[in-house]
Amino acid sequence: MKNYIKPEEWNIIEEGFDPHLNKISESIFSIGNGRMGQRANFEEQYSGETLQGNYVAGVYYPDKTRVGWWKNGYPDYFAKVLNAANWIGINLNVDGETLDLSLCKVSGFKRLLNMKEGYLERSFTAELASGKKLEIRSTRFCSIADDEIAALHYQIIPLNFEGILSISSFTDGDVKNQDSNYEEKFWDLVHEAYEGDTSFLTLRTKKTAFEVCTAVQTSVLKNHTQLSLTTGEVVKDKYLSCTVSVEVKTQDCIDIYKIAANLSSMNYAKELLQEESAKAIARASQRGFEQLLADQAAAWATKWEESDILIEGDVAAQQAIRFNIFQLNQTYTGKDARLNIGPKGFTGEKYGGSTYWDTEAYCIPFYLSTAPAEVAKNLLVYRYKHLGKAIENAEKLGFSHGAALYPMVTMNGEECHNEWEITFEEIHRNGAIAFAIFNYVRHTGDEAYLQEYGLEVLIGIARFWKQRVNWSTEKNKYVMLGVTGPNEYENNINNNWYTNTLAAWCLNYTIEAAKIVETTSPADYKRIVAKTSLQQEAEFAGWKKVADQMYFPYDEKEKVFLQQDGYMDKEQILVSELPASERPLNQKWSWDRILRSVFIKQADVLQGMYFFEDNYDLDTLRRNFKFYESRTVHESSLSPCVHSILAAKLNDEEKAYEFYLRTARLDLDDYNNDTEDGLHITSMAGTWMSIVEGFAGMRVRNGQLRFHPFVPKQWKSFAFTVNFRGTTLKVNIEAGKISITNGSAKTIEVMVFDQVYQIPQGEKTMTYELCV
């Protein structure tokens, strides 16, 4: 666990340069805008340890896997968002000496991520081997006001010398992914061009043939006077640069401005990429760096108005939750239903930048409450558009009649994860997608989504569950064999309680959704029945039979739901008995030993009880929580938030806060020693859930917003904003009191504990004493 980030409410600050921490900081200080993003790599040359990363959303390469591809049904590739052209590059040479922070003496180093206004700032003084000193300041951002644009201001001030400063501003497309399976580079050159002070580098991905044009306009000023640049120097393949040499004296000021546009063939015809890139550069250039930065601040002000959580009395917690919200808003904006949320976002290569079930289980609740409904809806539409591929995926495994198995990992709807225990067995992801549809409709009231998109997806998933079960004559129940639940420290087990529970619920919910559509929109229902060849009477009866007769493993002695068959055959050792020296298990134990152990990587049974908590009384929840929490090692970033929410429901405020802390500063403090390869973006949504669903106890029940709040004793108060069915509520909670402001044009009814309140429209605030 590291602890070098200075706590501030709106800023992430690193003071002093430690090369051993650099890759961690490159992740933490990453920036993005939903369309592109980049790690916090240095602009100038750096020969120390670094993970280069510039990413363009939706552009990927199907990297052939090393194992499994020759087996029937296995994916033959793992899709990867690519390290794209590096547009920020600036090489500096002072009288023959290159500025490289790994080779010079660095003082006054400071890296600052301004979350309030959305930019990255860095400053330092470098002393070269000759003793010459330079002061450097840089500011850069990826614009959320204009998501095709990014901009950089790099300032150089000589402190103690006169000499020749040689500057090369470059775009480098000769890049590769560090996780390339066969050490190959994924880009081919299409076109290089210069037009005045702007360079255009167009690259094409191998196999997938995406094209990306990176246009960069560079200007260099000495003491506010613009200098003439030389272009066309050939350094290497897929590399464009402009250069200038300038005589400098002490305290001269050299300003370098770079405005970049990243446009892809996802959005423009390939033959128009350079033309459209030039237009993007022209409009950005007309505004200029300072106005672009002001536009960025204004756009972020709107984001924070929608999604900020204010914590009084705990600066470290305040910084942490804002960092999590900031990264979520940088990663996904909801403008494009073809895009989704990778577990690392734009901050690293791990997990390929592909889509996992994390989106439906963890991210949907955040976007439902903090953004217009269209944002969360587009995440669901993404899955609808992949329904055909999900049906193909199921067919490859022997399923028929329109059964759909959504992939565990995907970019285009095809499964691209080749670990058998994931690809074929972790089928609970189908249930998470169905639950997300239910969650969206429950929160928004948008039942029209079912007739537009949702019911078709539910039918495909229900058909999969119907075919995936077996009838057990011994148990006289339907069983589910050979699966892996959310707890990946168990593989190829039978009757995972969570998976069986999701399947039974989904079968019933699909029937319910179908009846809603049949009632509210008969014409659409008729269309869907024809499109899916739905045999309503027979299929509904079959689904209901499976749901009603599903087997759920249960232990009579402990009176808990069993994670799977045979779980009690394991040696029942508790986490409290594990020596600290043996954790994390995935780094200290063999996989064989892990699989035979009782220990749980992440919430499994408790994940299901979180989804369907209304089905269980508090005593049942308490028994299961106590049993499974004592066996859970939380070696998945997705685990602590679920435990935090359930602990809050059980009025165990101390444990609720303990688990919140595990997720809130997971990356800022490098809690699991794995931040260097990227942030845990999807678990960041779990941090938001821990506060809003945990501490505030927010739920949607029967079309009504409900709260069951408490204030952690470490805080004085906390406040957040919720978008709910056309209303915007600002909720402030302090000891013994809740205040709700309705900023909308209609009155809304909410429940606090068991009391119903009317919150009038028009920015009126109602304050209520809490009688717990």
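**Strands, a kinked helix and aromatic pairs**

Student: Which residue of β29 is the bridge partner of glutamate 312?

Tutor: In β29, glutamate 312 has serine 717 as its bridge partner. The model is a predicted one.

Student: What makes β22 and β29 a strand pair?

Tutor: A pair requires at least two bridges. Four bridges join β22 to β29 (residues 717–724), and the two run antiparallel. Four meets the requirement of at least two, so they count as paired.

Student: What makes β22 an edge strand?

Tutor: In the open sheet of five strands, the order is β22-β29-β30-β31-β34, with antiparallel pairing. Both β22 (309–312) and β34 (764–769) pair on one side only, and these are the edge strands. On average, neighbouring strands of this sheet are turned by 15° against each other, direction ignored.

Student: How does the span of helix α9 compare with the expected value?

Tutor: Helix α9 (residues 448–468) has 21 residues and reaches 29 Å from its first C-alpha to its last, which is close to the 30 Å expected at 1.5 Å a residue.

Student: Where is the kink in α9 centred?

Tutor: The kink of about 65° is centred on glycine 454. As for burial, 16 of the 21 residues of α9 are buried, which leaves the helix mostly covered.

Student: Why is the pair of phenylalanine 435 and phenylalanine 438 called tilted?

Tutor: The structure holds 59 aromatic pairs. In this one the centres lie 5.5 Å apart, with 50° between the planes. Pairing needs centres within 6.5 Å, while stacked means under 30 degrees and edge-to-face over 60.

Student: Is phenylalanine 435 buried or exposed, and how do you know?

Tutor: Phenylalanine 435 has 4% relative accessibility. Buried means under 20%, so phenylalanine 435 counts as buried. Phenylalanine 438, at 21%, is partly exposed, because that class runs between 20% and 50%.

Student: What places arginine 322 over the face of tryptophan 10?

Tutor: The distance to the ring centre is 3.7 Å, and the limit is within 6 Å, together with an angle within 35 degrees of the ring normal. Lysine 475 likewise lies over the face of tyrosine 551, at 5.1 Å from the ring centre.

Technical notes:
Residues numbered from 1 in each chain as written. Predicted model: local features only at pLDDT ≥ 70, side-chain atom pairs only at ≥ 80, totals over all residues. Heavy atoms only, no water. Axes fitted to C-alpha atoms, helices over the stretch in contact; angles between N-to-C directions. Expected span 1.5 Å × (residues − 1). Bend = angle between axes of the 7 residues up to and from the residue. Buried < 20%, exposed > 50% of the residue type's maximum accessible area, 1.4 Å probe, protein only. Phe/Tyr/Trp six-rings, centres within 6.5 Å; stacked < 30°, edge-to-face > 60°.
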